[in-house]
Amino acid sequence: PIYPSREESHTIIFLTSGSYKTKIGFKEYKVTPNQIVVFQAGAVFSTEHISTNVKGYACHFHPDILVGEFGNRSLISDFEFLYVGNKPIIDVRQESKYAIQNIFERLCREFESAEEPNPMIVHSYLYTLLAELKILFAQNSRVSQSASFQITSRFRKLAHESVKSNLKVADYAEMMNISPNHLNKSVKRVTSKSSSEIHDEIKLIEIKFLLYQSSLSISEISHEMGYLDVSYFTRFFKKHTKLSPREFRNRIEKS
């Protein structure tokens, strides 16, 4: 067995033959051909009982790549399968199998054929893959979800839509006609994180977008995000990323 570990990056595996068992969080899953397993960044997982004929593809990437040149706010907020707490197994229907396999093949070809993979090509294929998985995840999720899952999904949607409004968790609870305690318990049951932690993660995505994709100064971004005190804004960002906003901007531009 491979002992439990926690990754800071996302890993997407498409199995084409064989099978294996994996434990993500507290749940065990058996992965079989024509299934995709998503090891979400931050999830605790382990893998065991791997059959001898396992074949497939794997794509491993850091979440920050999603705020790069091809980033799209509305698209990323809808990539629910990348959020810890959502079902990590996606069934690939026969009519989608060729498209998914073709994207993985093209990604492999880019890394194998070039000394230095072309970032534009890699990013384009990655976003195409995520867009395809978004469709498959929606098809897989049409079965009824728990009340906690529905509350968490609605909270995420509202938080993305109001990310610059400087609202508190209690404000979202009021918008949803539930108590802050009920909201927090529901979110924690699904994600193992508090509502405030999820809210901070969504704010960070928007800040990273502005740092990478806009020409606004650090001070202007701070004000746009509702922080009147730039030093508080800087402390908030550094607390979650270990980098100052300027350091993050410099690093992602170089990458």
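These legends walk through close-up views of a predicted model. Local features need pLDDT of at least 70 and side-chain atom pairs count only at pLDDT 80 or more, while totals for chains, interfaces and linings use all residues. Residues are numbered from 1 along each chain as its sequence is written, and side-chain values use heavy atoms, leaving out hydrogens and water.

View 1. Strands here are DSSP E runs of at least two residues, and helices are H or I runs of at least four, numbered from the N terminus. Strand β3 (residues 20-24) runs antiparallel to strand β4 (residues 27-31), with five bridges joining them; strands pair if DSSP finds at least two bridges between them. Look for Thr22 opposite Tyr29 in β4. Two residues lie between the strands, and Gly25 in the turn has a positive phi of about 65°.

**View 2. The open sheet β7-β2-β5-β8.** Its four strands pair in antiparallel fashion. β7 (55-61) and β8 (89-91) are at the edges with a single partner strand each, so one side of each has no neighbour in the sheet. Between β2 (residues 10-17) and β5 (residues 35-39) there are five bridges, and Thr11 faces Phe39 in β5.
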